[in-house]
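Please look at the sequence and the structure before reading on.

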Amino acid sequence: MGRSVSYPSGAIAAFRLIDEPEDEWDWGYKCLVDDVIDTARSLFPSLEPFDGWRDHEDRILLRNAFSDCGISTYCGLAAIWLVEREDAQYREADSRQARSGCARQWLAQVSDRFTKAFGDLRLVGRFSNGDAIFERVGSSP
């Protein structure tokens, strides 16, 4: 099976390259993380800093009452994503007073702004082995 950058199932995902030489990749990653945090907080003020993980590869950077915003990387490709929360605290709160519908509505409302703010690349498709194909945003087929 092929491999591509991970991101949570059902997430709104935007993609970009971390285009740094190998010896400066950590610095490029840190700059991208800082940019994601600053930009997302200015676009969506309800997002607050959060340090956590979804599974082993998807790093949560920000969180609000409904969603996690984070980053995942693989071989210089970054997926910046926004997805409904799934942690125990959220599920417990949702069982007392339904939040999931509000979360889905909020995610639908912010989806276009999110992908425009963070997406340099668009996922075009996948080969049967799982390898992903991307194109630059704004390029003609």
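The model is predicted.

**Elements and overall size**

The chain contains 3 helices and 7 strands. Read from the N terminus, these elements follow the order β-α-β-β-β-β-α-α-β-β. The C-alpha trace of the chain spans about 45 × 35 × 30 Å along its principal axes. For 141 residues, a compact globule would have a radius of gyration near 14 Å, and the chain, with 16 Å, agrees with this.

**Surface, burial and contacts**

The table lists some values for the whole chain.

| Property of the chain | Value |
|---|---|
| Share of buried residues among the 141 residues | 40% |
| Accessible surface | about 8,400 Å² |
| Part of the accessible surface that belongs to carbon and sulfur atoms | 49% |
| Distance between the mean positions of the 17 positive and 24 negative charges | 7 Å |

Contacts also link parts of the sequence that lie apart. Of the contacts between residues at least 6 apart in sequence, 53% join residues at least 24 apart.

Strand E2 covers residues 48-54 and strand E3 covers residues 58-63. The two strands run antiparallel and are joined by 5 bridges. Within this pair, Gly-52 stands opposite Ile-60 in E3. The hairpin has 3 residues between its strands, and Asp-55 takes a positive phi near 60 degrees there.

Notes. Residues are numbered from 1 along each chain as its sequence is written. This is a predicted model: local features need pLDDT of at least 70, side-chain atom pairs count only at pLDDT 80 or more; totals for chains, interfaces and linings use all residues. Side-chain values use heavy atoms; hydrogens and water are left out. Helices (H or I, at least four residues) and strands (E, at least two) are DSSP runs, numbered from the N terminus. The radius of gyration is taken over C-alpha atoms; the globule rule is 2.2 Å times the number of residues to the power 0.38. Buried means under 20% relative accessible area, exposed over 50%, partly exposed in between (1.4 Å probe, protein chains only). Contact means heavy atoms within 4.5 Å. Accessible areas come from the Shrake-Rupley method with a 1.4 Å probe; for residues, only the protein chains shown count as cover. Lys and Arg count as positive and Asp and Glu as negative; His and the chain ends are not counted. The place of a charge is taken as NZ of Lys, CZ of Arg, CG of Asp or CD of Glu. Two strands pair if DSSP finds at least two bridges between them.
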